[in-house]
Amino acid sequence: DSDLGGAGFRLTLPGTHRPALIATRARAARHDLEERMSSGERDVVRVLIVEDEEKPRAHQERMLALDGFEVMSAEDVESALPALDRQQPDAVLLDLNLGEQDGAQLLEAIRDVERAPPVIVTTAYSSHERRDQVLELGAVAYLVKPVPREKLLDSIWSAVDEVDRAR
């Protein structure tokens, strides 16, 4: 299926159309953001990682820093809230299971912040009910761990680009 109207050409392959289209949009979003950063129209993209486990948090911090993001992190809801206010991230990468805490509580709090950043939820425990709940609370993506690097980056670039365009 092709669509020559609008933003270009779209090729749909049986069984792969949605992931291919998402990846194409994410590449375009990344390109647009990089152009805005190089022109001085936008600063670096800041990402707040909220993850209670040290190893996954450190891994995400390194990966995102190597990809040019400014990274900050928090290990629980209590430390994430001041970081949101102080650092004003462009996106939040939120683990749903924060030890004894539920990341959905933080998602609800973020939703009430003026100019709230997009929230990408990650979890090791997948369920349709939980996914539906966090998407209704305002998450822009629900990713099941382990999240492939490109999928995570695509989600961040797309979310930040969408918010930039809306502002």
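Which helix gives the most residues to the lining of the second largest pocket? It's H3, with 3 residues.

This is a predicted model, where local features need pLDDT of at least 70 and side-chain atom pairs count only at pLDDT 80 or more, while totals for chains, interfaces and linings use all residues. Residues are numbered from 1 along each chain as its sequence is written, and side-chain values use heavy atoms, with hydrogens and water left out.

**View 1. The second largest pocket, with a volume of about 390 Å³.** Its lining takes in 16 residues, and Gln88, Pro89, Glu114, Arg115 and Arg167 lie nearest the centre. Helices H3 (77-87) and H6 (149-166) are the elements giving two or more residues to this lining. (A pocket is an open set of points on a 1 Å grid over the protein atoms alone, where a 1.4 Å probe fits, with protein on both sides within 12 Å along at least five of seven lines; lining residues have an atom within 4 Å of a point. The volume is the space filled by probe spheres set on the points, joined across faces, edges and corners. Helices are DSSP runs of H or I, at least four residues; strands are runs of E, at least two.)

**View 2. The salt bridge of Asp90 and Arg46 (3.7 Å, N to O).** Here a side-chain nitrogen of Lys or Arg sits within 4 Å of a carboxyl oxygen of Asp or Glu. Asp90 counts as buried because its relative accessible area is 12%, under the 20% limit (1.4 Å probe, protein chains only). Arg46 is buried too, at 19%.

**View 3. A network of salt bridges links Glu51, Asp95 and Lys145.** A search of the whole structure finds 10 salt bridges.

Methods
Buried means under 20% relative accessible area, exposed over 50%, partly exposed in between (1.4 Å probe, protein chains only).
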